[in-house]
Amino acid sequence: MSIEVFSPFVIPVGMPVFSPFDMPVGMPVWFSLLLLVTTVHQVICLNNGLARTPPMGWLSWERYRCNIDCDADPDNCISEKLYMTMADLMVSEGYKDAGYQYVNIDDCWMTKQRDKKGSLVPDPKRFPHGIKYLADHIHSKGLKMGIYEDFGTKTCGGYPGSKFYLQKDAETFAAWGVDMLKLDGCYTNKGDYDYGYPIMEFFLNRTGRPMLYSCSWPAYISNPNYVKIAKYCNIWRNYADIGDSWDSVRGIIEYYGKDKGNFSKVAGPGNFNDPDMLIIGDYGLSYEQQKTQMALWSIMASPLFMSSNLRKMPPASKALLLNKRAIAVNQDPLGIQGTRIDMIGKNIEVWTKPISPKGKSIAFAFLNTEEGGGPTEVSYPVSKLGAIAPAGYSITEVFSGTFIGKFKPHDSLNVTVDPTGVFFGVAEFRG
């Protein structure tokens, strides 16, 4: 018998909607349904070949939020025009060539009701040609398209969620040519996440269309089981949404620095922690703080999703986003998430990330969290960065490409770091 009949997440149109998770614990029917889905999934587990390095692209949410007023603000509302424009600019402005690949729709793209067949409906005024048309345009540029939904009964913005429609929505997205799904976690019970996110992954895989799966699962629970999450999700959000401010960026860096539960160890090819979007080129960060975000997101092997107006990108910000050396650190094929390994005093953090060739070269950053005063002088033994090979290392500053010098393990590296700024370097093995 087909899985559709048994899945509690597929409800025929017209049937009264109830939650299978509200059934009494231990009820034989629910237990057998869950066991069936879990057993089938042992055969078809996440192995979609995607996100072998952190995905890169553009995502609308932080910059454009849920702006649906296309009469008053036609150039910035959530519409096919916005996404087509950004796709065109990703190609013409060099972002595609630098590795940025996905153009991602976020919340508020649909109508407030499904159609009579239970299908999601793009807003007809803002997406007059439909999502398939938009996907075809994006694909014609050599790019990929992502879309947003929510595991709950509604999205965070109040639009129809996928609960009870997981299979139907997965099939709809595949038919539209979607390449990535971001599944949020509003409007549902906390106990549902451990079952619902894996089942959606099952249905995505079952379509036969490769779709990168971005889960918000760990962001909604207290003690995530990251090993389990990595079995089902390519990338996952695990902290609050980023805002256009240094305080927001700093809070995310601190969360990742603490690395509660050692979630960094779960990251690797096919599976990455997602600290949220790049706000480089927006309004809230100084130039030094933009450098800090690019450096730390590269060190942390984070997905690089810009959320900015590519039509009005400041040249200095654009140069950071297109920096080949920073992107190379982020996209290193080892896929190792860098971590905070040391503190110098109260305000200097030391971060390192092993990069190719394995066991030999290291990317590193000195972050100055001090918000006042002048630059801080940092002197740090190269060996404490993990650069211990007797043959020594060549150290280069990443953003400028400036060669700093040749260092033996017993040498110290001396640099100056501005307030809320970073020194971002690579130590390459000389042997």
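Contact here means heavy atoms within 4.5 Å. The views below come from a predicted model, in which local features need pLDDT of at least 70 and side-chain atom pairs count only at pLDDT 80 or more, while totals for chains, interfaces and linings use all residues. Residues are numbered from 1 along each chain as its sequence is written, and side-chain values use heavy atoms, with hydrogens and water left out.

**View 1. Cys 77 and its surroundings.** Cys 77 sits in the loop between H3 and H4; helices (H or I, at least four residues) and strands (E, at least two) are DSSP runs, numbered from the N terminus. Leaving aside residues up to four places away in sequence, Cys 77 touches Asn 67, Ile 68, Asp 69, Cys 70 and Leu 82. Its relative accessible area is 0%, so Cys 77 is buried (buried is under 20% relative accessible area, exposed over 50%, partly exposed in between, with a 1.4 Å probe and protein chains only). As for Arg 65, it lies 12 residues from Cys 77 in sequence and 8.7 Å away in space, C-alpha to C-alpha.

**View 2. The Cys 70–Cys 77 disulfide.** Cys 70 and Cys 77 are joined by a disulfide, S to S 2.0 Å; the term covers a pair of cysteine sulfur atoms within 2.5 Å. Which hand does this one have? It's right-handed, because the torsion about the S-S bond of Cys 70 and Cys 77 is about 100°. Both Cys 70 and Cys 77 are buried.

**View 3. The Cys 66–Cys 108 disulfide.** Here the sulfur atoms of Cys 66 and Cys 108 are 1.8 Å apart. This bridge ties together distant parts of the chain, 42 residues apart: Cys 66 is in the loop between helix H3 (61-64) and helix H4 (80-92), and Cys 108 is in the loop between strand E2 (102-104) and helix H6 (130-140). With a torsion of about -115° about the S-S bond, the disulfide is left-handed. Cys 66 is partly exposed at 30% relative accessible area, whereas Cys 108 is buried at 0%.

**View 4. The Cys 215–Cys 233 disulfide.** Cys 215 pairs up with Cys 233, S to S 2.1 Å. Again the link spans distant parts of the chain, with Cys 215 in strand E5 (residues 212-215) and Cys 233 in the loop between helix H9 (226-232) and strand E6 (235-237), 18 residues apart. The S-S torsion is about -95°, so this disulfide is left-handed. Cys 215 is buried, with a relative accessible area of 0%, and Cys 233 is buried with 0% too.

**View 5. The disulfide set.** How many disulfides does the structure hold? There are four. Number the bonded cysteines in sequence order, and the pairing reads 1-4, 2-3, 5-6, 7-8.
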